Amino acid sequence: QVQLVESGGGLVQAGGSLRLSCGTSRSIFRFNVIGWYRQAPGKQRELVAAIDTERNTNYGDSVKGRFTISRDNANNTVYLQMNSLKPEDTAVYYCRGIPNGSWGQGTQVTVSS
């Protein structure tokens, strides 16, 4: 299994923005889809956004219009641009490749009110 590495989390005020990165030293084309997920304390992990090799995208209802997923194939990196952040976006964010990707350590995003 190939593990993707997340980075870019941090503390931001409500209404602010962050860009998360998800990368690997190996080609991301080995995955049909790469997804960003998040897990808040006491809640189940949920899909935030996903992108396939044709750059088709899918978003969770709670982030539509605020988050944008994109990919840089040359640098084997997938990004999650998060705008208009809300306190309820606070969570550990993970990325995972499908199929056969493994979970990484995640990156913490904290949005203060």
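**View 1. Surroundings of Thr107 in the predicted model.** Leaving aside residues up to four places away in sequence, Thr107 touches Glu6, Ser7, Gly8, Gly9, Leu20, Ala91, Val92 and Tyr93, where a contact means heavy atoms within 4.5 Å. The model is predicted, with local features requiring pLDDT of at least 70 and side-chain atom pairs counted only at pLDDT 80 or more, while totals for chains, interfaces and linings use all residues. Residues are numbered from 1 along each chain as its sequence is written, and side-chain values use heavy atoms, with hydrogens and water left out. Thr107 belongs to strand E12, which covers residues 107-112; helices (H or I, at least four residues) and strands (E, at least two) are DSSP runs numbered from the N terminus. With a relative accessibility of 10%, Thr107 counts as buried, a class defined by under 20% relative accessible area, as against exposed at over 50% and partly exposed in between (1.4 Å probe, protein chains only). One of the residues that Thr107 touches is Ala91, and the C-alpha atoms of Thr107 and Ala91 are 8.5 Å apart in space at a separation of 16 residues in sequence.

View 2. A disulfide is a covalent bond between the sulfur atoms of two cysteines. Here it is assigned to a pair of cysteine sulfur atoms within 2.5 Å, and by this rule the count comes to one disulfide. The partners are Cys22 and Cys95, whose sulfur atoms are 2.1 Å apart. Because the torsion about their S-S bond is about 90°, the disulfide of Cys22 and Cys95 is right-handed. Cys22 lies in strand E4 (residues 18-23) and Cys95 in strand E10 (residues 91-98), so the pair ties together parts that are 73 residues apart in sequence. Cys22 is buried at a relative accessible area of 1%, and Cys95 is likewise buried, at 0%.

View 3. Ala49 is a residue of strand E6 and, at 0% relative accessibility, counts as buried. Apart from residues up to four places away in sequence, Ala49 touches Ile34, Gly35, Trp36, Asn58, Tyr59, Ile69 and Leu80. Between the C-alpha atoms of Ala49 and Cys95 there are 9.5 Å, although the two residues are 46 residues apart along the chain. Lys64 is 15 residues from Ala49 in sequence and 9.0 Å from Ala49 in space, C-alpha to C-alpha.

View 4. The peptide bond from Ile98 to Pro99 is cis, its omega being near 0°, and Pro99 lies in the loop between E10 and strand E11 (101-102). Arg55 has a phi near 70°, a positive value in a residue other than glycine; Arg55 is placed in the loop between strand E6 (46-52) and strand E7 (57-59), and is partly exposed with a relative accessible area of 46%. Asn76, again not a glycine, has a positive phi of about 50°, and occurs in the loop between strand E8 (67-72) and strand E9 (77-82). In contrast to the partly exposed Arg55, Asn76 is buried, at a relative accessible area of 15%.

**View 5. The protein chain as the setting for the close-ups.** The protein chain has zero helices and 12 strands. Its C-alpha atoms fill a box of roughly 40 × 25 × 20 Å along the principal axes. A compact globule of 113 residues would have a radius of gyration near 13 Å, and the 13 Å of the protein chain agrees with this; the radius is taken over C-alpha atoms, and the globule rule is 2.2 Å times the number of residues to the power 0.38. Of the 113 residues, 45% count as buried, and among contacts between residues at least 6 apart in sequence, 55% join residues at least 24 apart. The accessible surface comes to about 5900 Å², of which 43% belongs to carbon and sulfur atoms, as computed by the Shrake-Rupley method with a 1.4 Å probe.
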